[in-house]
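Subject: Structure handover

Hello,

Here is the structure I promised to pass on. Please open it first, then read my notes below.

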Amino acid sequence: MARSVLCVDTADRIDDVATAVEDDESLTARTATSVEAARETLEAEPIVCVVTGYDLPDGTGLEVVGAIRETAPQTPCVLFTDVPPAEIDTASFEESIVEYLNRDLPDAHDRLGFIANDVIDYSAQASFIRPDDEDERLETLAQYDVDALPIEESFERLTDLIASHFDAAVSFIGLIEEDEENFLACHGGDLDTLTREDTICTHSMLQEDVMVVEDILQDARFAENEQLQNLGIRSYAGANMTASNGQVIGQVCLLDHEPRGYDAEEQAELEDFADTAMEILELRQTVRDAERTEVAQ
Amino acid sequence: MSSLSADGFEVSDGIGPLESGTSVLLTGDDTDALESVFARVVAPADGERSVVLATDSRGRAVKRSLNGAKRGAGDRSSVLTAAGSPSGDDIKTVDDLSDLTGMGMEFAALAADSQQETDRFRTGIFLCSTIAGELDDTRSLYRFLNSTFLTEIRRSDGIGVCALDTSADIGANMDSTVTGLKTSFKSHVAVEATGPGEATLTISDADGERAVDVSI
């Protein structure tokens, strides 16, 4: 299925941009010749990438970028323009990452399709740190058919026990998937999924030991995170669920509504709970695999 | 010293040679030692170009530092810096390190210009910790590194190095931040100054971990 790319530029340039995009067979161009028309298209159609010029009749290409950041913030944008970066007013867009491609480069026409595909492929992972061996980690995670395993009640009992043991407001077990964290059980909160960019577990999973954030408001990685603010979270502790091949697939975590630390003994206990959660998952999967084999025979 | 085959880049002092596509996270609390090692990785050989994003050094100072690592390397480099004034086509400036949008576009434009001249490309950021200290939300730094810096290395099959001063105040736990960042880079080099003009590099990559004593 072709990827739908919104091309935005002035009337005298739009055909050239759309042609450059559609020279790549995997891309289909939708066109708009103003910021307003671009807004309307973004609301009406599923767009996976925006390619926009800078000078538009009713604004700038960065206003188009702003529009898509409001509705679909992960959608990548390419500024395809002959306006030099120094002449582009970024005052209201200082932390939006936009791909810049100078349309005056000799190979700009040929590069546009390549870059559009590249940013589409990689945009979802751009906003968070990810392990270098992420593909292997995801392959490991895929071996656990969590939707089919009867683990929900076991994990809910476990998170109840964990919260009680640590006298914590919230305890949860979450699996870290490609773009989001999927919460399998949660005591004291109503968590379903969060994009990885918004989770502390995205950072915690990269550490071998327990990660503790005593006061989220004092940590620049999390202090501006609206999702965490909305949940009223002030402190965090997370331990890895590590599969037998060493890949970290999830986290067992504690949250509290006030600043809080965890001593070495408590951190070791949290790791024990994470190991227990992993064992439950492994055992359930082993039983299911055995049942399948039996049925097949 | 000339570059290796098309698959690798020459780097002195046991860090290299580095395969195409290699990204290096360089950490340490002695900025002079960091700068010396940084220059050795990013200084382009004949037939190569480099783009350096500098936060605290003027463009000409960066070029001098690269010349010190490799004869003529400064002339084969473009610098985007937050210090000093622009000069010619290869020293550009940014007014505000927290303007990642503008900085990313300037960086991409310089990288594209360099890659028009040669497909042998090196790049570096010195110091990433200064950028982190200017931002309210560290997630923006990850976006910048992933979408701009690491992407440029991946697409160009070049090499790149990102230097982090671990003594800087970045508003977050430094050890935890380094642990996180390390996973996004192919190689980690920890620089420890051991005496006047001497340092130990602890290099961690796919081949494991090794320590190398170097003069700086």
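A word on domains before anything else: their bounds come from an automatic or database domain assignment. With those bounds, the C-alpha centres of domain 1 and domain 2 of chain A lie 37 Å apart. Domain 1 of chain A covers 3–125. Domain 2 of chain A covers 134–296. Keep in mind that this is a predicted model.

**Chain A overall**

Chain A has 297 residues, and 43% of them count as buried. Its secondary structure comprises nine helices and 13 strands. Along the principal axes, the C-alpha atoms of chain A fill a box of roughly 65 × 55 × 30 Å. Take the contacts in chain A with a separation of 6 or more: 59% of them join residues 24 or more positions apart.

**The six-stranded sheet in chain A**

Look next at the open sheet of six strands in chain A. Its order is β10-β9-β8-β13-β12-β11, and the pairing is antiparallel. Which strands sit at the edges? They are β10 (193–195) and β11 (211–213) of chain A, each of which pairs on one side only. From one strand to the next, the twist averages 25°.

**Two helices side by side**

The helix α6(A) also has a helix partner, α9 (residues 264–296) of chain A. How do the two axes cross? They come within 11 Å of each other and cross at roughly 175°. Angles over 145 degrees count as roughly antiparallel, so α6(A) is roughly antiparallel to α9(A).

From α6(A), the residues in this contact are A:S154, A:F155, A:L158, A:I162 and A:F166. They meet A:E266, A:F273, A:T276, A:A277 and A:I280 of α9(A). By class, the contact has seven nonpolar, two polar and one charged residues.

**A covered strand in chain B**

In chain B, go to strand β4 (residues 49–58). Is it mostly covered or mostly open? Mostly covered: eight of its 10 residues are buried.

This strand has two parallel partners to look at. One is β7 (residues 121–126) of chain B, paired with β4(B) over six bridges in the parallel sense. There, B:A54 has B:F126 as its bridge partner. The other is β5 (residues 77–83) of chain B, which also pairs with β4(B) in the parallel sense over six bridges. In that pair, B:S50 is bridged to B:S77.

**Where the chains meet**

How many residues does each chain give to the contact? Chain B gives 37 residues and chain A gives 34 residues. On the chain B side, the elements that give two or more residues are α3 (100–117), α5 (139–156) and α6 (174–182) of chain B. By class, that side of chain B has 11 nonpolar, 18 polar and eight charged residues.

Best wishes

Notes: Residues numbered from 1 in each chain as written. Chains lettered and ligands numbered in written order. Predicted model: local features only at pLDDT ≥ 70, side-chain atom pairs only at ≥ 80, totals over all residues. Contact = placed C-beta atoms within 7 Å. Helix = DSSP H or I, 4+ residues; strand = E, 2+ residues; numbered from the N terminus. Nonpolar A, V, L, I, M, F, W, Y, C, P; charged D, E, K, R; others polar. Buried ≥ 20, exposed ≤ 12 C-beta atoms within 10 Å, placed from the backbone. Pairing = 2+ DSSP bridges. Axes fitted to C-alpha atoms, helices over the stretch in contact; angles between N-to-C directions. Parallel < 35°, antiparallel > 145°, perpendicular 65-115°, else oblique.
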